[in-house]
Amino acid sequence: MFGTLASGELETARLRRDLGFSCGGIRMEGEQTQKLVVGYALTPKKKKSFLQPKLEVLARRKGICFVPIDLNRPLSEQGPFDVVLHKLLGKEWQDVIEVSGCLLDYQQKHPEVTVLDPPGAIQRIHNRQSMLEGLADLNLSDCSGSIFVPKQMVVLKDSASSADRAVEAGLKFPLVAKPLWIDGTAKSHQLFLAYDRRSLAELDPPLVLQEFVNHGGVMFKVFVVGDTIKVVRRFSLPNISNCEKGKVDGVFQFPRVSSAAASADNADLDPSVAELPPKPFLEALAKELRILLRLRLFNIDMIREHGSKNVFYVIDINYFPGLYLKLFCYAKMPDYEQVFVDFFHDMAQAKQKKRHCK
Ligand SMILES: Nc1ncnc2c1ncn2[C@@H]1O[C@H](COP(=O)(O)OP(=O)(O)OP(=O)(O)O)[C@@H](O)[C@H]1O
Ligand SMILES: O=P(O)(O)O[C@H]1[C@H](OP(=O)(O)O)[C@@H](OP(=O)(O)O)[C@@H](O)[C@@H](O)[C@@H]1OP(=O)(O)O
Ligand SMILES: [Mg+2]
Ligand SMILES: [Mg+2]
């Protein structure tokens, strides 16, 4: 199918490949004609962890290439792209929204380009209140499990008076205090456990106060990439006994217990705690969530209510989450490179089909 390259050409092609000219004209053996151009706007950290050599090599073989988007130039002058993949934070993210012009206009003018994902949909999960709205109403009635969100309320100011409101709202201590806004900073992932009313005054609003749900110290991270889902176990906080609730007061900062370095997949755990959520249940949940959230790249953190068979709580949703931990050469989402390549490949095929049908 591919013409043979003379040794000089092969050398050049190798060089071009090594130098990153993955969208160049010469094809390496096993590579396909270019089918999909993914323009990306990612934070440097995200670029490093996501665009791993393995991903680029697998993608190139399928004719998928990744091209950086220059944030200082109008999108319409760049490309053409088939996909715009973005995860930016803080000021850069604001610019995308404000010059929303930029992304929204672009999409209107170029409906053939897939934006992963719509900025408005991402914004919804940057706020820990709107993030979980509508989840408890999902239609999962025929499934082998049920889904809830912990009871929670927002504190915008004056955390001292929030104690009365928390009690009025029927929230039971201890409460997890989480920064309301997720903006990619370490601070927005700084959580506290408040054992009593008085301790709430020590917290900095805006935040959400969420009931702590006992779950046996194990949580499930469910990764969703289009139609594919992968689930892994992570360690979490241990149960809080009634005795502890009665004895302890004050506010404590959470350790980052659920960080990837503490994967619980190979640990010797109580099976009733560690058993993964049923697959059909996760599939139905992911399907409903894709529609509700209007997102294709996200993960959910789920916990199983301690002592229950399959009563789950969703406690967190992350947009285009960390997939690979460079420091430990460890894939947080197993096989993420292949999953993403398949995801983009399916997209390319769907586009091609559409073109042929016109
Ligand atoms: N309501 C809750 N009940 C019990 N444990 C909780 C609750 N909320 C959070 N946790 C624990 O705290 C951890 C961090 O909480 P959460 O996932 O909401 O924070 P985050 O900063 O958004 O985390 P991530 O790094 O996944 O984005 C959870 O993984 C879980 O171990
Ligand atoms: O940086 P890490 O690899 O830890 O990934 C974290 C990711 O940061 P990144 O998108 O910059 O990678 C975070 O995104 P923001 O909420 O801050 O936008 C969030 O998704 C965390 O859940 C991820 O940690 P994990 O839950 O997987 O441990
Ligand atoms: Mg989380
Ligand atoms: Mg989160």
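Predicted model: local features only at pLDDT ≥ 70, side-chain atom pairs only at ≥ 80, totals over all residues.
Visitor: Which residues coordinate the magnesium ion (ligand 3)?
Guide: Asp301 (OD) and Asp316 (OD) coordinate the magnesium ion (ligand 3), at 1.9 to 2.2 Å. Donors are N, O and S atoms within 2.8 Å of the metal (3.2 Å for Na, K and Ca); water is not among the atoms, so sites may look incomplete.

Visitor: And how far apart are ligand 3 and ligand 4?
Guide: The two magnesium ions are 3.8 Å apart, and Asp316 coordinates both. Asp301 lies in strand β13 (residues 297–304) and Asp316 in strand β14 (residues 311–319), so the pair ties together parts that are 15 residues apart in sequence. Strands here are DSSP runs (E, at least two residues), as helices are (H or I, at least four), numbered from the N terminus.

Visitor: Is Asp301 buried or exposed?
Guide: Asp301 is buried, and so is Asp316. Buried means under 20% relative accessible area, exposed over 50%, and partly exposed in between (1.4 Å probe, protein chains only).

Visitor: Turning to ligand 1, what does Lys178 do there?
Guide: A polar side-chain atom of Lys178 lies 2.6 Å from an oxygen atom of ligand 1. A side-chain N or O atom of Lys221 lies 3.1 Å from an oxygen atom of the ligand.

Visitor: Which strand gives the most to the shell around ligand 1?
Guide: Strand β14 does, with 3 residues.

Visitor: Which salt bridge does Lys221 form?
Guide: The side chains of Lys221 and Asp301 meet in a salt bridge (2.8 Å, N to O). A salt bridge is a side-chain nitrogen of Lys or Arg within 4 Å of a carboxyl oxygen of Asp or Glu. Lys221 is in strand β10 and Asp301 in strand β13, 80 residues apart.

Visitor: How many salt bridges are there in the whole structure?
Guide: A search finds 7. Among them is Glu283 with Lys279 (3.5 Å, N to O); both lie in helix α10, 4 residues apart.

Technical notes: Residues numbered from 1 in each chain as written. Chains lettered and ligands numbered in written order. Heavy atoms only, no water. Polar contact = N/O pair within 3.5 Å; in protein donor to acceptor, adjacent residues only side chain to side chain.
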